[in-house]
Amino acid sequence: MGESPYWRILVIQENFTVSDWAKGATYYQIFVDRFYHGSDKDTVIKGRNYRKWGEMPNFRRNEKGKFHNNDFFCGDLKGVEKKLPYIKSLGVTVIYLSPINFSLYRYDGYAATNHLMIDPNKGTFQDLMDLKKKAHSMGLHIILDIALNHCSSDNPIFKDAISNPNSPYRDWFYINNDGSYRYWYGEFKDMPVFNQSSKGYKEYVYGENGIIAKYSGYVDGFRLDVAEELSEETLEGIRKRANEFGKHVIFVEYWNKAKTSDFGKCFDGTTNYPYMNAMYKLLMDGDVDYFVWQIQDLLENYPEEAICTMLNSIDTHDTVRALTIIGGKWMRHGYDRRWDIDKEPSPWHKIINGIVKFLTDNFRQDEFENDKLEPKAYREAKRILKLLVILQYTLPGNPCTYYGTEVGSHGYKDPFNRKCFPWDRIDKDLLRFYKRIGAMRNHNRKEFMNANFELIRRNKDIVCYIRNNLLIVVNKSDATKTISLPEKFKIGSKIIFASSKKQKSTAEIMGKTGMILKAI
């Protein structure tokens, strides 16, 4: 078979660069309400369900028969500030905060009642500035998540638009003559979707006095929720406005591959779910070909600045927790995302009167009853988690740890993956592992600030690749394996990180372990 007569041409933006602090970085994702309560005084807002720290979030329907994220545990910005030394000890360099704008009945902030106001239970703009200043003094940066595709049905803007045909906000939404309206995903009626073509919407979001202008002085960048639903014009407007307040980094939530030409024009980096899925396919299903294909696909299709900026997660607020993905029930195989346990077909999809329905109550009850891994399953899952983290921390891009994963947090989908940080139940062994690999990455940061990647070995047991002067080896089998070192590592190398303290040899790697060598 001859060579292909075709060439791939990548169209990238001229002069696209990203701040060095966002490359070779280590990110930490915090759900503010569930991380740490640091304020002396609490504001009580009518209609909210306040809970004691550490209780299981409510997973059943409310009195109106609706599922709603109305459990507030009162984690706040002051709590994040007080825990900065802990965050720093993980080797973290960038903190990624969940939405903090006011959302009356949703602790997560993904449907804003007022985008321009910080939720009183999370703090104030002064608290946000204090956090930024303290973080900067410690060498940390702040990224803020925000949802601009939709708002809450309790938002006064929407309430006026839906009730008044002559409202100045009417064209901000997709409202029909009969009073029906478009809402997010066709399922969440409390999240009306914005009409991004509306002049009023544009001013509201990225105008001179809009949302982005309001927050840009307090943070170093933004993560834009459901960005695949945001128009190119909206994304470009957000990026331009943010950068008027100094160079910001704009991340977008993309579940699939982004368009190459959008980098540097609409955004800088993506949430890299393709790598996340590939890492699980390798370690859990032994699918090395899929792993290699996904890695190389992005390396060949993204600009280098984008590769160096993307976020590599192993779990997030939208997925099952990592330990549960590894050791839990019902995980997907084949080419489905492993954590999409509620995707059809599933144990909770039933044919009722000839129609396939998803039994949400049954699903949530099963998640609750299987929330905790048995001790043996937990120990085995933790061994594989450490291999997963080695991949996450050494592949091109930046590792992003979801709060609590580093201390053994577990759980299925929302709300079980959003439990309070277990400050009184920390897996100290796992925490030490995270601190060690975080220190390794920081001490060798220059090795991770570009897109260099060379695959050396791939089979059902061993994956081995080079990042500049580092050799990463992961052995997912139970047996010790011999390693054939590349030439520059034969001349001289040392182990700078190993998942097992017993790993001493550079010629062999123990079963279910990973190690990183550095050429000297």
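Mentor: One term to begin with: rings of Phe, Tyr and Trp (its six-membered ring) pair if their centres lie within 6.5 Å, and planes under 30 degrees apart count as stacked, over 60 as edge-to-face and the rest as tilted. This is a predicted model, where local features need pLDDT of at least 70 and side-chain atom pairs count only at pLDDT 80 or more, while totals for chains, interfaces and linings use all residues. Residues are numbered from 1 along each chain as its sequence is written, and side-chain values use heavy atoms, with hydrogens and water left out.

Trainee: How many aromatic pairs does a search of the whole structure find?
Mentor: The search finds 41. In one of them, Tyr280 and Trp339 sit edge-to-face, 6.3 Å centre to centre, with 65 degrees between the planes.

Trainee: Where are Tyr280 and Trp339 in the chain?
Mentor: Tyr280 is in helix H8, and Trp339 is in the loop between helix H11 (322-327) and strand S12 (349-352), so the pair links distant parts of the chain, 59 residues apart. Helices (H or I, at least four residues) and strands (E, at least two) are DSSP runs, numbered from the N terminus.

Trainee: Is Trp339 buried or exposed?
Mentor: Trp339 is buried, as its relative accessible area is 0%. Tyr280 also counts as buried, at 1%. Buried means under 20% relative accessible area, exposed over 50%, and partly exposed in between (1.4 Å probe, protein chains only).

Trainee: Which residues form one aromatic cluster?
Mentor: The cluster consists of Phe158, Tyr169, Trp172, Phe173, Tyr181, Tyr183, Phe194, Tyr201 and Tyr204.

Trainee: Back to H8. At what angle do H8 and H9 pack?
Mentor: About 160 degrees, with the axes of H8 (residues 273-285) and H9 (residues 288-301) 7 Å apart. That makes H8 roughly antiparallel to H9. Axes are lines fitted to C-alpha atoms, for helices over the stretch in contact, and angles run from 0 to 180 degrees between N-to-C directions. Angles under 35 degrees count as roughly parallel, over 145 as roughly antiparallel, 65 to 115 as roughly perpendicular and the rest as oblique.

Trainee: Which residues of H8 and H9 make the contact?
Mentor: H8 gives Pro274, Tyr275, Asn277, Ala278, Met279, Lys281 and Leu282, and H9 gives Val288, Tyr290, Phe291, Gln294, Ile295, Leu298 and Leu299. Contact means heavy atoms within 4.5 Å. By class there are 11 nonpolar, two polar and one charged residues. Ala, Val, Leu, Ile, Met, Phe, Trp, Tyr, Cys and Pro count as nonpolar, Asp, Glu, Lys and Arg as charged, and the others, Gly among them, as polar.

Trainee: What does Tyr275 touch?
Mentor: Not counting residues up to four places away in sequence, Tyr275 touches Gln294, Ile295, Leu298, Leu299, Met310, Asn312, Leu395 and Pro396. The C-alpha atoms of Tyr275 and Ile295 are separated by 6.6 Å. Tyr275 is buried, with a relative accessible area of 0%.

Trainee: New topic. Which peptide bonds are cis?
Mentor: Among them are the bond from Glu344 to Pro345, with omega near 0 degrees, and the bond from Asp414 to Pro415, with omega near 15 degrees. Most residues other than glycine have a negative phi, and most peptide bonds are trans.

Trainee: What is phi for Tyr185?
Mentor: Tyr185 has a positive phi of about 65 degrees, although it is not a glycine. At 60% relative accessibility, Tyr185 counts as exposed. Asn353 has a positive phi near 55 degrees, and Asn353 is exposed, with a relative accessible area of 78%.
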